[in-house]
Amino acid sequence: MRRARTRDESLFGMSAHEHESARASRAERASSFARVADEYDRGRPSYPREAIEWLLGTEPLDVLDLGAGTGKLTGALLAAGHRVLAVEPLAEMRAILIAALPDAQALAGTAEALPLADASVDAVTAGSAFHWFDERLARAEIARVLRPPGVLGLLGNGFDTSSAWVARVREILGPPAIQRPGHWPAVEDLREDYVEVEDREFPHEQLIDRASLRDLASSRSSLALLSVDQRERVLAGLDRLWEQEPELIGRTQALLPWRTRARRCSRLR
Ligand SMILES: C[S@@+](CC[C@H](N)C(=O)[O-])C[C@H]1O[C@@H](n2cnc3c(N)ncnc32)[C@H](O)[C@@H]1O
């Protein structure tokens, strides 16, 4: 049973005004991706095939990839055999996706007002994206466009800090969104919409060099919003790791280990 909300009830402990201003500042920060779309595409990791198979199975499905960005997850979904509709609000991000992935159908749109008919897809995915959405509106829209039984798959990449140099990268950049508390909707809230909610982690690696480590950093919204000087100081700190960290010294490339977190919400209520 869905929990009924009265009109005046606060949303997630916020007043309607606070909710609206949180939404506005989130949207402002999210628009920073438009300035760093190329860096995003060059520097960010993809997602492991095992995570996609665990979320969606191996039969081809109609999948909506929400907040698709430059297509990191979209490409992995296509490679796993799915038919993919990619929704992304920023034209700069979408242009890269369209050029790289002609097999995906790309649409402008937001999670809060999906440009799709009711019950039109088997699955919805969001890679490193759900925290940018208005949770309440997005959850309702996702439930509307899913065709039962329906699966919502959330994914995010966190640094695997078991290597000392990766711990240093995380120290310099701060934890990625996935490693911050409250990143995803609470399991108990998701259980209002889905019968099963389960979490798993999958290891994977990304080949990086000095330039792509800089791109990875520059594509973070926290860095995109800094002044040029401030950003350059952070990037110089990353450059120095190639001379300071025993696992990087003398190398031009390295495998950056990630832990992909996945949350599978299945069977719409
Ligand atoms: C960190 S990127 C993730 C991109 C891609 N899914 C990936 O895994 O690399 C977050 C994306 O969410 C998009 N986004 C932000 N707010 C959104 C919203 N309200 N609805 C849909 N997408 C949104 C941003 O434009 C950005 O492309």
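Leu64 lies in strand E1, and that is a handy place to start looking around this predicted model. Residues are numbered from 1 along each chain, following the sequence as written. Since the model is a predicted one, local features need pLDDT of at least 70 and side-chain atom pairs count only at pLDDT 80 or more, while totals for chains, interfaces and linings use all residues. Helices (H or I, at least four residues) and strands (E, at least two) are DSSP runs, numbered from the N terminus.

Residues are numbered from 1 along each chain, following the sequence as written. In this predicted model, local features need pLDDT of at least 70 and side-chain atom pairs count only at pLDDT 80 or more, while totals for chains, interfaces and linings use all residues. Helices (H or I, at least four residues) and strands (E, at least two) are DSSP runs, numbered from the N terminus.

Strand E1 (residues 62–66) has 4 of its 5 residues buried, so the rest of the structure largely encloses it. Leaving out neighbours within four places in sequence, Leu64 is in contact with Leu85, Val87, Leu116, Val121, Val124 and Val145; a contact here is two C-beta atoms, placed from the backbone, within 7 Å. Leu146 is 82 residues away from Leu64 in sequence, yet their C-alpha atoms are 9.1 Å apart in space.

Now for the wider view. The chain has 11 helices and 7 strands. Its radius of gyration is 19 Å, close to the 18 Å that the globule rule gives for 269 residues, so the chain is as compact as a globular protein of that length. That radius is taken over C-alpha atoms, and the rule is 2.2 Å times the number of residues to the power 0.38. The C-alpha trace spans about 60 × 45 × 35 Å along its principal axes. Of the 269 residues, 36% count as buried. Among contacts between residues at least 6 apart in sequence, 73% join residues at least 24 apart.

The 7 strands make an open, mixed sheet in the order E3-E2-E1-E4-E5-E7-E6. Two strands count as a pair if DSSP finds at least two bridges between them. At the edges are strand E3 (105–107) and strand E6 (194–209), each pairing on one side only. Neighbouring strands are turned by 20° against each other on average, direction ignored; the axes are lines fitted to C-alpha atoms, for helices over the stretch in contact, and angles run from 0 to 180 degrees between N-to-C directions. Strands of a sheet pair through backbone hydrogen bonds, either parallel or antiparallel. E1 runs parallel to strand E2 (residues 83–87), with 5 bridges joining them, and Val63 has Val84 as its bridge partner in E2. Strand E4 (residues 121–127) and strand E5 (residues 146–159) are also parallel, joined by 6 bridges; here Val121 is bridged to Leu146 in E5.

Strand E5 also holds Pro149, and the peptide bond from Pro148 to Pro149 is cis, with omega near 10°.

Next comes Ser128, in the loop between E4 and helix H6 (135–145). Ser128 is not a glycine, but it has a positive phi of about 50°. Ser128 is buried, with 23 other C-beta atoms within 10 Å. Not counting residues up to four places away in sequence, Ser128 touches Gly156, Asn157, Ala177 and Ile178. Arg261 is 133 residues from Ser128 in sequence, and the two are 9.8 Å apart, C-alpha to C-alpha. Arg267 is another residue other than glycine with a positive phi, near 65°. Arg267 is found in strand E7 (residues 253–268) and is partly exposed, with 13 other C-beta atoms within 10 Å.

In helix H6, the buried residues are Ala138, Arg139, Glu141, Ile142, Ala143 and Val145. What covers them includes E1, E4, E5, helix H8 (187–193) and E7.

Finally, which residues come nearest the ligand? Of the 21 residues around the ligand, these are Gly67, Gly69, Lys72, Gly127 and Trp132, where being near takes a C-beta atom, placed from the backbone, within 6 Å. The shell divides into 12 nonpolar, 5 polar and 4 charged residues.

Notes. Buried ≥ 20, exposed ≤ 12 C-beta atoms within 10 Å, placed from the backbone. Nonpolar A, V, L, I, M, F, W, Y, C, P; charged D, E, K, R; others polar.
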